[in-house]
Amino acid sequence: MQVIEADKLGKRYRLGVINRGMLYKDIQSWWARIRGKEDPNIPVHVAQNPAAVRGDEFWAFRDVSFSVGQGEILGIIGRNGAGKSTLLKVLSQITAPSAGNFKLKGRVASLLEVGTGFHGELTGRENIFLNGAILGMSRAEVRSRFEEIVEFAEVGKFIDTPVKRYSSGMYVRLAFSVAAHLQPDILIVDEVLAVGDAAFQQKCLGRMDEAAFKEGRTILFVSHNMASVRSLCTRVIMLKSGRLEVDGEPGPTVDRYLDQGSVDWDVSKRTGSGRLRIGAVHLEDAGGGRMAELVAGQPCKFVLGFENHGLGPQDRVTVGLSMHGAGTDLFANYSHYSGREFSGLPARGAFEFAWPSVDIVPGHYTFGIRVFANGDQHTGERLDTPPPFMVTIHSSDFYGAGQHGGLSHGVMLVKGDWAVRS
Amino acid sequence: MQSETDRSAGGWDRVVSAKSGWLKLDLNELWRYRDLIYLFVRRDFVATYKQTILGPLWFIIQPVLSTIVFTIIFGQIARLPTDNIPPFLFYMCGLVSWGYFADCLNRSAGTFTGNANIFSKVYFPRLSVPIANAITNLITFGIQFSVFLVVLGYFTWKGAPIQTSWRVIVLPLLLLQMAMLGIGFGCIVSSLTTRYRDLAMLMGFFVQLWMYASCVLFPLSLYPKEWHWLLVLNPMVPVIESFRFAFLGAGTVEAYQLVSGAVASLVIFVVGVVVFRHVERTFADTI
């Protein structure tokens with residue numbers, strides 16, 4: 001039995017129109033139009049190219065059609081910006097589609113975040129009821145599962161303490177526990193599983209599995225964690241630039257996703273002499289398996305494929321990788337820093353940069369690549385500077401207790417032991 | 001959000017489409033979320049109460065202080081007439097009833113901006129927020145109103161020229177009208193603030209002005225009768241006058257005023273809900 005049917009769904013955003021947010025600016029634009037003058041608030045790229053006014057809109061995804069049967073666990077994968085999150089928001093009814101329609105059968109609950117609506121002044125008990133109601137449960141339903149929720153959350157005697165006094169681990173466990181005990185017919189889940197300590201994450205995955213297989217619930221699951229997509233989902237759809245690219249078995253679809261390499265180059269934007277060109281770039285884990293994203297605290301390898309267009313055996317090449325994010329430059333590592341210059345490069349090959357441990361706070365970061373011949377970045381011949389690319393670092397249980405500070409507490413993750421000396 | 005129960009078409013419980021319908025209000029759905037409304041009321045009440053030292057006492061102190069200030073400024077200094085009612089009672093009656101409307105209006109007006117975080121993460125009928133607000137405010141009103149009744153009792157005992165009549169039974173209707181007007185107008189403002197943030201800044205000032213135009217500080221009888229129709233275009237005027245007429249026995253209440261007030265409130269309520277329902281479809285895109 002089909003419980004979700006999406007027909008040519010699309011979501012359009014109007015650039016520049018949203019978030020103008022000021023009455024006087026709208027009046028200013030209107031007044032300019034009346035006098036036949038140029039609108040002072042029009043986005044610059046539109047003003048420079050009036051023909052692009054139609055380009056003032058942007059489709060997060062378009063023409064997405066699929067259906068889901070009861071009891072399926074459908075994984076939705078794709079790169080950042082592929083439209084996954086927007087699709088989830090539309091299916092969760094947080095925002096309306098701009099085109100097409102979808103139909104649902106049964107009760108739907110969506111978890112784009114755990115603990116939505118938690119209020120610090122309220123006790124754990126009160127928050128369980130409030131959060132349950134926000135997620136669509138009646139008070140009677142919450143009451144009937146109350147003991148289970150408290151037990152799963154492992155908060156025990158603190159249940160009547162205001163949650164503002166909870167540790168962040170307890171807070172997250174309580175929030176997830178409410179979510180895990182929802183009993184909707186369709187559950188829509190964003191990467192909320194990337195919370196809590198490793199053991200708790202495992203427990204949550206088990207709970208989802210159980211919900212689908214034993215209780216016949218349908219689950220839509222968006223994740224960057226290919227391992228859990230592979231093990232949990234019964235079917236996977238892959239979005240690419242807002243289009244539905246693949247709809248099929250988890251194994252092959254995940255493989256195809258990872259095989260694309262991690263970076264889509266816009267070849268026209270590169271600079272340099274071109275005697276060597278960086279080609280496909282991808283990420284590998286410690287075992288050499290491909291990854292779409294990095295995991296905080298784990299080792300990884302950047303594999304930068306290249307094509308040699310005329311470097312001779314004498315040419316010495318130095319290659320560098322830089323990382324940027326959180327408004328700053330995080331590092332640049334040129335191979336000559338560690339005395340490595342490469343000569344006698346083959347016609348095709350790859351540079352490898354092994355990073356022993358990605359001790360960086362989870363988030364989206366930009367990476368840049370530079371390749372020089374016969375000198376360093378100041379004196380050498382610039383061979384290639386491909387455009388920067390974005391890589392996501394997703395969270396892991398870095399400190400072993402399911403917690404870490406956000407970006408506002410610094411970019412680095414540093415392991416250390418705290419103790420008291422008397 | 002566009003949704004409808006349409007079991008005839010293949011047994012789907014919910015069909016969400018890009019086409020926008022302006023006039024659909026899913027009351028069934030709101031009813032299914034009644035527990036959420038109850039819990040919102042509870043949360044708001046408990047949270048307000050826990051965060052202040054004096055707790056619910058504030059609900060009492062606030063109108064009493066305002067009444068004292070108004071009694072001094074408008075009663076003692078400006079010497080505005082009060083239909084022969086003791087000024088303290090006159091102002092308190094106006095302020096307590098106005099307070100309920102103003103609270104409904106102010107809180108409904110902040111629905112989208114104040115709940116952006118929740119609204120962008122989970123779906124539930126958004127109207128449950130202003131409805132819950134109107135109920136929470138009813139609790140506040142209840143406390144303040146009790147104080148008013150105590151003051152009223154005191155003045156009656158002292159033999160002040162007031163006549164509380166059987167007409168007080170209209171109280172629920174007056175409250176309903178204020179709730180509808182407050183929610184309706186608040187929904188319009190809330191919908192506009194998603195586009196024009198500046199409006200939020202004007203609200204406080206606007207509500208203040210509206211109060212001065214609503215016969216809270218002076219009786220309608222202060223004005224010549226031939227101008228009453230103009231003042232009564234403001235739907236709060238008949239509400240406040242009726243309130244005083246029922247509880248204090250002084251006020252100018254005529255049938256046409258009641259009808260015009262009720263119709264205006266209903267129209268504003270419907271327009272507000274319709275606009276609100278339209279904006280909630282894409283509100284999450286603008287944050």
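**Sheet, helices and interface**

Modeller: Let us begin with the sheet: four strands form an open, antiparallel sheet in the order S2(A)-S1(A)-S4(A)-S1(B). Strands (E, at least two residues) and helices (H or I, at least four residues) are DSSP runs numbered from the N terminus, and two strands pair if DSSP finds at least two bridges between them. The model is predicted: local features need pLDDT of at least 70, side-chain atom pairs count only at pLDDT 80 or more, and totals for chains, interfaces and linings use all residues. Residues are numbered from 1 along each chain as its sequence is written, while chains are lettered from A and ligands numbered from 1 in the order in which they are written.

Colleague: Which strands stand at the edges of the sheet?

Modeller: S2 (57-69) of chain A and S1 of chain B do; each has a single partner strand, so one side of each is left without a neighbour in the sheet. From one strand to the next, the twist averages 15°.

Colleague: How many bridges join S4(A) to S1 of chain B?

Modeller: Four bridges join S4(A) to S1(B), residues 14-17, and the two strands run antiparallel. A:Phe102 has B:Val16 as its bridge partner, and A:Leu104 stands opposite B:Arg14.

Colleague: How many residues does each chain bring to the contact?

Modeller: Residues are in contact if their C-beta atoms, placed from the backbone, lie within 7 Å. Chain A gives 38 residues and chain B gives 33 residues. On the side of chain A that touches chain B, the largest share, six residues, comes from S4(A).

Colleague: How does one describe two packed helices?

Modeller: One gives the angle between their axes and the distance between the axes. Axes are lines fitted to C-alpha atoms, for helices over the stretch in contact, and angles run from 0 to 180 degrees between N-to-C directions. Here H4 (residues 124-134) and H5 (residues 139-153) of chain A pack at about 125°, with their axes 10 Å apart. That makes H4(A) oblique to H5(A); angles under 35 degrees count as roughly parallel, over 145 as roughly antiparallel, 65 to 115 as roughly perpendicular and the rest as oblique. The residues making this contact include A:Phe129 of H4(A) and A:Phe146 of H5(A).

Colleague: Is A:Asn131 buried or exposed?

Modeller: A residue is buried if 20 or more other C-beta atoms lie within 10 Å of its own, exposed if 12 or fewer, and partly exposed in between. A:Asn131, in helix H4 of chain A, is buried because 27 other C-beta atoms lie within 10 Å.

Definitions and conventions. Contact = placed C-beta atoms within 7 Å.
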